[in-house]
Amino acid sequence: MKYIIVTLLFISFGTSVKADLLRVGYSTSITNVTEAKMKAAKLAGVDCLEVSLNGFINKEDLTLNKTDAEIEKICKTAKIAADNAGIELWSVHMAFGKEI
């Protein structure tokens, strides 16, 4: 019985310490990163975000569907929205494949 109590205390303590170290995040298209969505995400407990650039690729011929200037503007606006909400842009998922 003594071993069960010690084990449960160890598991309980270990779990709470690990949970404090974990951050909550998710992945979405950079075109979905808006001020309103980032504020809502932060209120829901989101700390970090991976963004995908796949939304800029035309699926039929694998070309970009926006100009460089448009892509830069969208990315800067998304970064500002995330920063204002206190969400870190943790990583960028870029399209890849045999044809790209």
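Modeller: Before we start, a helix here is a DSSP run of H or I with at least four residues and a strand is a run of E with at least two, both numbered from the N terminus. This is a predicted model, where local features need pLDDT of at least 70 and side-chain atom pairs count only at pLDDT 80 or more, while totals for chains, interfaces and linings use all residues. Residues are numbered from 1 along each chain as its sequence is written, and side-chain values use heavy atoms, with hydrogens and water left out.

Colleague: Thanks! How many helices and strands does the protein have?

Modeller: There are three helices and three strands. Starting at the N terminus, the elements follow the order α-β-α-β-α-β.

Colleague: And what angle do the axes of H2 and H3 cross at?

Modeller: Helix H2 covers residues 35–43 and helix H3 covers residues 68–85; their axes cross at roughly 30° and come within 8 Å. An axis is a line fitted to C-alpha atoms, for helices over the stretch in contact, and angles run from 0 to 180 degrees between N-to-C directions.

Colleague: What do we call H2 and H3 then, relative to each other?

Modeller: H2 and H3 are therefore roughly parallel to each other. That label is for angles under 35 degrees; over 145 is roughly antiparallel, 65 to 115 is roughly perpendicular, and the rest are oblique.

Colleague: Is the crossing of H2 and H3 left-handed or right-handed?

Modeller: The crossing of H2 and H3 is right-handed.

Colleague: Which residues of H2 and H3 make the contact?

Modeller: H2 brings Glu35, Met38, Lys39 and Lys42, and H3 brings Ile80, Ala81, Ala82, Asn84 and Ala85. Contact means heavy atoms within 4.5 Å. By class, the contact of H2 with H3 has five nonpolar, one polar and three charged residues. In this scheme Ala, Val, Leu, Ile, Met, Phe, Trp, Tyr, Cys and Pro are nonpolar, Asp, Glu, Lys and Arg are charged, and the others, Gly among them, are polar.

Colleague: What about Cys48, buried or exposed?

Modeller: Cys48 is buried, at 12% relative accessible area. Buried means under 20%, exposed means over 50%, and partly exposed lies in between, using a 1.4 Å probe and protein chains only. Cys75, at 25%, is partly exposed.

Colleague: And what share of the protein's residues count as buried?

Modeller: Of the 100 residues, 20% count as buried.

Colleague: Let's look at the strands. Where is Thr28?

Modeller: Thr28 sits in strand S1, which spans residues 25–29. With 14% relative accessibility, Thr28 is buried. Its contacts, leaving aside neighbours within four places in sequence, are Val33, Leu49, Glu50, Val51 and Ser52. Thr28 and Glu50 lie 22 residues apart in sequence, with 6.5 Å between their C-alpha atoms.

Colleague: Which residues does Gly25 contact?

Modeller: Val46 and Cys48, leaving aside neighbours within four places in sequence. Gly25 belongs to strand S1 too, and at 43% relative accessible area Gly25 is partly exposed.

Colleague: What does Leu89 touch?

Modeller: Not counting residues up to four places away in sequence, Leu89 touches Leu49, Val51, Lys79 and Ala82. Leu89 is in strand S3. Leu89 and Val51 are 38 residues apart along the chain, and their C-alpha atoms are separated by 7.3 Å.

Colleague: What share of the contacts join residues at least 24 apart?

Modeller: Among contacts between residues at least 6 apart in sequence, 60% join residues at least 24 apart.

Terms used:
A crossing is left-handed if the near helix is turned anticlockwise from the far one by less than a right angle, and right-handed if clockwise.
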